[in-house]
Amino acid sequence: MTAAHEINLEQVKARQKVVRIVVKVLLYAFLGFMALIVIFPFYWMIISSLKSLEEYRQAVPTFIPTKGWHFSNYAKAFTDGNLGALFWHTAYVGIVSTIISLVITVLAAFAFARLEFKGKNLLFGALLATMMIPGELFTITNYITVTRFGWLNTYTVLIVPFLVSVFYIYLLRQNFMQIPNELYLAAKVDGTSDLKYLWKVMIPLALPSLISITILKMMGAWNSYIWPRLVANDEAHRMITNGLRNAFTESTGDVNFPVQMAAVAIVSFPLFLVFIFLRKYIMKGVSRSGIKG
Amino acid sequence: MKKILISLLLVFAMLSSLLLVACGGDTTTTPQNQTDNSNTPGGTEQPAIPTVDPADANFQVPASGFDTSKPVTITFYHTMGQNLNAVLDNYIAEFNKLFPNITIEWTQVGDYDDVRDQISTELLAGNQPNIAYCYPDHVALYNVAGAVAQLDALIASTMTVTHDDGTTETLGLTQEQIDDFIQGYYDEGRQFGDGFMYSLPFSKSTEVLYYNKTFFKEHNLSVPTTWDEMEALCQKILEIDDHCVPLGYDSEANWFITMCEQGKTPYTSATGEHFLFNTPENRAFVKRFSEWYAKGYVTTQGLYGAYTSGLFIEPDPTMTRSYMSIGSSAGATHQRPDRVDGEYPFEVGIAPIPQLDTNNKKVISQGPSVCIFNASDPQKVLASWLFVKYLTTNVEFQAEFSMVSGYVPVIKSVETNEAYANFLKSAENGNDGIAALSAKVCLDQEEYYYASPAFNGSSKARDEVGALLQKCLPLTGSNLEDQIEEAFEDAIDECEYFVTD
Amino acid sequence: MEGSKHSWKAWLYLLPVIILTLVFTVWPIINTIRIAFLKDYSMIGAMGGKTYEFGFANFSKVVTYKRFTTCLKNTVLLCVLTVPISTMLALLIAVCLNAIKPLQRLLQTIFFLPYVTNSIAIGMVFAAMFNMIGKPSSPDSVGIINNFLGIFGVAPINWINVGSEYWANLTVMVIYIVWNALPFKILVLLGGLQGVNKQYYEAAKVDGTSRVRTFWRITVPMLSPMLAYVLITGFIGGFKEYSSVVGVFGENMGPAGQKGALNTMVGFIYDSLSQNNQGRASAAALILFGIILVVTMINLYVSKKKVHY
């Protein structure tokens, strides 16, 4: 009887183990599959950068360069593209606008999440509403505005109009609201100032969101195209996507995409390193026992 | 949260009330010269270009002429790639030897559409450049703001300008210079319905027929000169190779418009009613080509799913291929097959595109022109004009630019240029001289260029007829004619909905 | 909450946001509203001295457009299909990524890569995956998706080429949009997951609560502020879908021969803008604004009941 019982128990245990393994396998299979899908464009960028223009234009695309690996595209990208200057302009705009934008966003999100004032919800609702009109309609009016300000061909014009993003304020507000109010009240009783509380408690707790915002903001600088072309397309301020689009145009007006891709890969690489570095801060999670509930 | 909801409602209410307050009407009423589009009646035949008096042009040369002592900076927007920029820089240096007081600042803006979008926004703040690459429909758009300088008074001017080295030139164009321009290209600048000249041609291309010379020789085929011959030839080719599509046509829009020109049937008009292309004759040629498509004679870039040049140079014998390809003369190198083991798999021949009527030969004219914007300082316009005139009438520049770009020069005298003559000779070198061969075929057709009427919205018509042909080619069935008619009506509706005067 | 004495501080903190928004967002919006009531208003035409009639003509012209319902239908369909799918997938991925040990760093890094991929590459890769090349009757190449489906015995499907059907086009669009939206949502939810106290999970483990139950009872409620955020902003963005359609179908906004079949509301706004009809574009934008506003209010109403702060 005992023996039978034990066997039963062992069977249950074994079954549990099988279930666990099956779950694990499914988990990895799912993640692996999604990872493949997500990584595909990145892979495409890299192999496109190694193809010849002829192979690139082929009707049926190849998934591995068949006509030689054109590492020379990278050399060409480097020499033709004036990449250094483009990179610094973009990095400057990216870094400055990210820092200022973070400060503005944190302060606003804090006000919306923690402070009480008349018209708070009206203001927040109004900000939310501004997201509902397609921004393309703003371009011309804003162009006229910055012209009146005399901002054309300056870094100001690349940075200032995009400092406020309701999208990020909202994200951070949600994050801040997750943090229990009791903490704030306790801090108030202790006589801690708002800013100190913000700096010591809220920011560390919202770090993953802040890093997400940083990444998106930086990438915004890397990908922005229409506005910079309109307002600051001079040698001294030209940004990366603009510069790349122009640099590799063949005489026939066709863009030499493989070289362009190589250039994109080169200038994205430092960003990639930064993100790898930041990844661990997103994933670390802050020790916060006793904070929630 | 409830408050946010209420506030969103409030915002909506606020905005709605704002509407009523804010809409006092339009206050910007700067009177400027506007092209009058209304007095010429529309007709099925294209109206003749009205003659105008240069004294009526919106830019008049000041009596004091061009001041060579005062520094003047002018800006130039173009789309030239890197190698062309080098050519341009060389000739700017040459130009500066004549006029050291003129500084030229050029910007490569992107592609043609980017130049248009950039300038149409900049115009609103008065930041437009002095000179820009343009297509006729861009000029029509800028004209809505009355921003483009009419060149007639400049062209007619007999004033003398003195160079830095003491030599002189006439400010305007001499009759000799005007005659040197290829007529079809030059006339494009006057296709705006009012008879004024708005642009000068810069460098041009057309469509040509690329064919697989090796295959044609092997099977004793002759190159078609008419669409009837083309039809017979396609049938023949399919008998030889039933896995092929004999002909690939790159641009549906070009095909449609060119057929209208060749058949003398209406397409659009710059004045009066704009969209005239829904006619029985046009529907008939569309029906004819959709029958071709059903028989597998022809495909286009959109329908095939990739560049038709790719179909033409397809190296894999198991894949569908074509033996003829109609595309831009400037893209000749894309129509050349890759070498396999150091040898070209076949030789490419280039010929003019087929015609409907050999007495009315027509081929499209493509490639940029340049226009000059009016400026508060007439010296800027004069300086721009001198530079534009220099580039478009300078034999060496036109020759060099053409050799590097694959486009053809806009003046006839370039053929006498030694370097260019040598370049054209390389057409004999088979596939290695393909760019020269294409240029040669292009130059041989200089009598046949047409330019479509340009008006604000002409690009919409172009988009729609391209989509129309794309839609009609795959149609089949017994009620083919009805379906085609419906598609035509749809395209006209779409044009008329979006284009407002 | 205590508070009115903080009032001035709150406004101080919000000052930069308010000023910048007034200049670069509110002012253009006011301009948009003004223009929407001027018939066929064109900014460049106004430069040339043209005057425009005041009234509701733009609005009636927009709603009577032959393809207005097509644009509206596509917009709504794309939005209601992609937002829930992408949110659920992202949630699943984020939770899984959080649950594994080996390979965690590698996989996390991979899910980061889309951020450093240039948008040009993303557009091009899609054509390569779904594009069929050759004669429609006997294509030479059917694209890797069809090759993949072929393994399971599925006959090649005409996804995006000439003669393709609407449901196939829509499927491709949904996949493309979900795929585009995933990285951002994963990032946000992964960040949000770090905010969930591990003690809850430990308690659940001790109680022997099943994984599925833990997910619904702990993970989802604790993540609800982030989920609400992702959903609400997702719907706002989803109604403005446009560039994704251009990414797959080009300016044609539909498969060859069916121009505009997949056009959206913002696509229509672009069409009007490209003909320099800012008046009509503005009117369409305001109509779209009204629709998004209603949907967002419903969303906020629902989330008010479901979200735990």
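**Figure 1. Contacts along chain C.** In chain C of this predicted model, 69% of the contacts with a separation of 6 or more join residues 24 or more positions apart. Two residues are in contact if their C-beta atoms, placed from the backbone, lie within 7 Å. Chain C contains 13 helices and two strands. Helices (H or I, at least four residues) and strands (E, at least two) are DSSP runs, numbered from the N terminus. Of the 309 residues of chain C, 52% count as buried; a buried residue has 20 or more other C-beta atoms within 10 Å of its own, the C-beta atoms being placed from the backbone. Along the principal axes, the C-alpha atoms of chain C fill a box of roughly 75 × 75 × 30 Å.

Residues are numbered from 1 along each chain as its sequence is written, while chains are lettered from A and ligands numbered from 1 in the order in which they are written. As the model is predicted, local features need pLDDT of at least 70 and side-chain atom pairs count only at pLDDT 80 or more, whereas totals for chains, interfaces and linings use all residues.

**Figure 2. The two domains of chain A.** Chain A is divided into domain 1 (2-48) and domain 2 (81-284), with bounds that come from an automatic or database domain assignment. Taken over C-alpha atoms, the centres of domain 1 and domain 2 of chain A are 38 Å apart.

**Figure 3. The side of chain A that touches chain C.** Here 72 residues of chain A are in contact with 78 residues of chain C. Several helices of chain A each supply at least two residues of this side, among them helix H4 (83-114), helix H8 (166-178) and helix H14 (257-284). H1(A) gives the most, with 14 residues. The residues of this side of chain A divide into 51 nonpolar, 14 polar and seven charged. Ala, Val, Leu, Ile, Met, Phe, Trp, Tyr, Cys and Pro count as nonpolar, Asp, Glu, Lys and Arg as charged, and the others, Gly among them, as polar.

**Figure 4. Strand S1 of chain B and its partners.** Strand S1 (residues 72-78) of chain B is mostly covered, with five of its seven residues buried. S1(B) pairs in the parallel sense with strand S2 (residues 102-108) of chain B over seven bridges; strands pair if DSSP finds at least two bridges between them. In this pairing, B:Thr75 stands opposite B:Glu105 in S2(B). S1(B) also pairs in the parallel sense with strand S3 (residues 131-134) of chain B, over two bridges, and B:Phe76 stands opposite B:Ile131 in S3(B).

Technical notes
A residue is buried if 20 or more other C-beta atoms lie within 10 Å of its own, exposed if 12 or fewer, and partly exposed in between; C-beta atoms are placed from the backbone.
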